[in-house]
Amino acid sequence: MTQTQTAAAILAAATAAAGTLTYAALSAQSQLFGKVVIASSDPNQIALTYDDGPNDVATEQLLEVLARNNTRATFFLIGRYVQQRPAIARAIAAAGHLIGNHTMTHPWLAWQSSTRIRQELTDCNAALEDTLGIPVRYFRPPHGARRPAVLRIAHELGLTPVHWNILPGDWNPISAGEIADRTLHAILRNQKRSRASNIVLHDGGQAGLGQPRLPTVKATDLLLQHLKTQPATSFVTVDSWA
């Protein structure tokens, strides 16, 4: 092998390794860095999960929609928002929904030091547990970003990492109908693969309180109205799969 060929082979190997590491760190369904909860093999099960709250107006209206449809969901809350809107966080818990840790400030944990990772998780746990008076057992890393240290520290803190298999992109400026259509299409795809559906929607946003999430609230109502016509469908919270 010539020097040029050797250099090319090294570059190709490095590129492949970088691609594998990126997939392991950012792909929602990768288990290369460690186990994360995604979904069961029951295609009729659906978990509605909401990230980045609590958020003014949107979270409260979402709770009304879920109550009207007698549906429990999972909320991954940002600690600093819980401290700013404790009454909304308590309303989520009082309605019987499962609450999980979504870090204190929503950083990309895969790129943070172990000290910062631990601080983000422990501070959020403290905010949640001080506000709600109940233990927190589940954790979703912002953007799904993790590395082995993220999962190790989560487990040391008694937190089970949770990812997803449906992400309709409702943080973008799209209509409620588009959010619902994307979600229903993905549910059908999962059902064909004999998989349950773990749906990530957003009642808040990392940029700050007051994010415009009413299309997500309306999309949730559209989804529930449609899925109620399918009697085999059951709505679960993610602890059913842990």
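A crossing of two helices is called right-handed if the near helix is turned clockwise from the far one by less than a right angle, and left-handed if anticlockwise. The exercises below apply this and a few other ideas to a predicted model.

**Exercise 1. Describe the chain as a whole.**

Task: State how many helices and strands the chain has, and what share of its residues count as buried.

Solution: The secondary structure consists of eight helices and seven strands. Of the 242 residues in the chain, 50% count as buried. As a further step, one can look at contacts between residues with a separation of 6 or more, and among these, residues 24 or more positions apart account for 75%.

**Exercise 2. Work out how α5 packs on α6.**

Task: Decide whether α5 is oblique or roughly parallel to α6, and list the residues that make the contact.

Solution: Begin with the geometry, in which helix α5 (residues 114–132) and helix α6 (residues 148–156) pack at an angle of about 40°, their axes lying 10 Å apart. Angles under 35 degrees count as roughly parallel, and the value found here makes α5 oblique to α6. The crossing of these two helices is right-handed. On the side of α5 the contact is made by Ser 114, Ile 117, Arg 118 and Leu 121, while α6 contributes Ala 149, Val 150, Arg 152, Ile 153, Ala 154 and Glu 156. Sorted by class, the contact of α5 with α6 has six nonpolar residues, one polar residue and three charged ones.

**Exercise 3. Take α8 and describe its packing with α7 and with α2.**

Task: Find the angle at which α8 packs with α7, and then the angle at which α8 packs with α2.

Solution: Helix α7 (residues 176–192) and helix α8 (residues 214–227) pack at about 45°, with 8 Å between their axes, and are therefore oblique to each other. Their crossing is right-handed. Ala 176, Gly 177, Ile 179, Ala 180, Thr 183, Leu 184 and Ile 187 of α7 meet a set of α8 residues that includes Pro 215, Ala 219, Leu 222 and Leu 223. The contact of α7 with α8 divides into ten nonpolar, four polar and one charged.

For α2 and α8 the angle is about 5° and the axes are 9 Å apart, which makes α2 roughly parallel to α8. From α2 the contact draws on Ala 58, Gln 61, Leu 62, Val 65, Leu 66 and Arg 68, and from α8 on Leu 214, Val 217, Thr 220, Asp 221 and Leu 224. By class, the contact of α2 with α8 has seven nonpolar, two polar and two charged residues.

**Exercise 4. Explore the nonpolar cores.**

Task: Name the residues of the largest nonpolar core that touch the most other members.

Solution: This core has 42 residues, and those touching the most other members are Leu 48, Tyr 50, Leu 66, Phe 75, Leu 77, Leu 121 and Leu 128. Taking Phe 75 as an example, and not counting residues up to four places away in sequence, its contacts include Tyr 50, Leu 62, Leu 66, Ile 92 and Asp 203. A second, separate core of 14 residues includes Leu 98, Tyr 138, Leu 151 and Trp 241.

**Exercise 5. Examine the backbone.**

Task: Identify which residues are joined by a cis peptide bond, and give the phi of Thr 103 and of His 143.

Solution: Most residues other than glycine have a negative phi, and most peptide bonds are trans. Gly 53 and Pro 54 are joined by a cis peptide bond, with omega about 0°, and Pro 54 is found in the loop between β1 (45–53) and α2. Thr 103 has a positive phi of about 75° although it is not a glycine; Thr 103 is placed in the loop between β3 (98–101) and α5, and counts as buried at 0% relative accessibility. His 143 also has a positive phi, near 65°, and is found in the loop between β4 (138–139) and α6, where His 143 counts as partly exposed at 26% relative accessibility.

Methods: Residues are numbered from 1 along each chain as its sequence is written. This is a predicted model: local features need pLDDT of at least 70, side-chain atom pairs count only at pLDDT 80 or more; totals for chains, interfaces and linings use all residues. Side-chain values use heavy atoms; hydrogens and water are left out. Axes are lines fitted to C-alpha atoms, for helices over the stretch in contact, and angles run from 0 to 180 degrees between N-to-C directions. Helices (H or I, at least four residues) and strands (E, at least two) are DSSP runs, numbered from the N terminus. Angles under 35 degrees count as roughly parallel, over 145 as roughly antiparallel, 65 to 115 as roughly perpendicular and the rest as oblique. Contact means heavy atoms within 4.5 Å. Ala, Val, Leu, Ile, Met, Phe, Trp, Tyr, Cys and Pro count as nonpolar, Asp, Glu, Lys and Arg as charged, and the others, Gly among them, as polar. A nonpolar core is a set of buried Ala, Val, Leu, Ile, Met, Phe, Trp, Tyr and Cys residues joined through side-chain atoms within 4.5 Å. Buried means under 20% relative accessible area, exposed over 50%, partly exposed in between (1.4 Å probe, protein chains only).
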